[in-house]
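Thank you all for coming; I would like to take a few minutes to walk through one structure with you. Please have a look at it on the screen first, and then we will go through it piece by piece.

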Amino acid sequence: MVCGVPCVTNVLLSSLPVSTDCLGTPIVYSPVKADLTGNIKKIRAVYDSNPAKFKTLQNILEVEKELHGSAWPKTGATLALMWLKRGLKFILVLLQSISDGERDEEHPNLIRVNALKAYEIALKKYHGWMLQKLFTGSVYALPYKSDLLKALEKGKEVKEEESIEKIHQFLTRVTPILDAIYEMYTKMNAELSYKA
């Protein structure tokens, strides 16, 4: 399965700024949002430079591989998409964990357990010691689950079950797209394992 940029843009990328805004304290998470937004802009700029040539993300990677030679995949939209997919994986694992009802039984309205699980799965192995410690400390600035769900509903009062069902529907649509991006990176040998 090759996923086209318009598909990814409409389903994933357009929801990211809202998703990161829902994480609470702007000062703590503004670097995360800036990083995700910067990666989106890099990918979108390549796509916008020649939409006919870059119909799919795979087209972008193939052209950049040829263009950059031995520097690839450490450059351009290929590198931006690599980090973006990791950030997306974090968000999806976080939402899946909440949707699955995983929680700290002593503090059921906190999402630290969910965020730490998502971090462990999606990002930790790519972060050096300092970033790992920074993330561990930042989980204390996360919103309550009830506040996160309300933010995802854009402030509307909705029953938790309805919000969870919407999250589940979102995950059902988005997860296969992200899986296809991961598969593409594996097949093209574009995945890097260095630590940031």
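At what angle do α8 and α9 pack, and how far apart are their axes? Before I answer, a word on what you are looking at: this is a predicted model, in which local features need pLDDT of at least 70 and side-chain atom pairs count only at pLDDT 80 or more, while totals for chains, interfaces and linings use all residues. Residues are numbered from 1 along each chain as its sequence is written, and side-chain values use heavy atoms, with hydrogens and water left out.

Now to the answer: α8 and α9 pack at an angle of about 65°, and their axes are 10 Å apart. The axes here are lines fitted to C-alpha atoms, for helices over the stretch in contact, and the angles run from 0 to 180 degrees between N-to-C directions. The crossing of these two helices, α8 and α9, is left-handed, a term that applies if the near helix is turned anticlockwise from the far one by less than a right angle. On the α8 side the contact is made by K145, L149 and L152, and on the α9 side by E160, S163, I164 and I167, where contact means heavy atoms within 4.5 Å.

Stepping back to the whole chain, there are nine helices and zero strands, with helices (H or I, at least four residues) and strands (E, at least two) taken as DSSP runs and numbered from the N terminus. Of the 196 residues of the chain, 43% count as buried; buried means under 20% relative accessible area, exposed means over 50%, and partly exposed lies in between, with a 1.4 Å probe and protein chains only. Among contacts between residues at least 6 apart in sequence, 75% join residues at least 24 apart.

Let me turn to the charged pairs. The structure holds nine salt bridges, a salt bridge being a side-chain nitrogen of Lys or Arg within 4 Å of a carboxyl oxygen of Asp or Glu. E160 is partly exposed, at a relative accessible area of 38%, whereas K145, at 10%, counts as buried.

Another salt bridge joins K166 and E153, again with the closest N and O atoms 3.0 Å apart. Here K166 sits in helix α9 and E153 in the loop between α8 and α9, 13 residues apart. K166 is partly exposed, with a relative accessible area of 39%, while E153 counts as buried at 7%.

R86 is buried, at 0% relative accessibility, and E191 is partly exposed, at 29%. K85 is also found in helix α5, and is buried with a relative accessible area of 0%. Leaving aside its neighbours within four places in sequence, K85 is in contact with L178, I181, Y182, Y185 and E191.

Finally, some points about the backbone. Most residues other than glycine have a negative phi, and most peptide bonds are trans. A cis peptide bond, with omega about 10°, joins W72 and P73, and P73 is found in the loop between α4 (57-68) and α5. K154, which lies in the loop between α8 and α9, has a positive phi near 60° although it is a residue other than glycine, and K154 counts as exposed, at 70% relative accessibility. N189, in the segment after α9, has a positive phi of about 55° and is not a glycine either; N189 counts as exposed too, at 63%.
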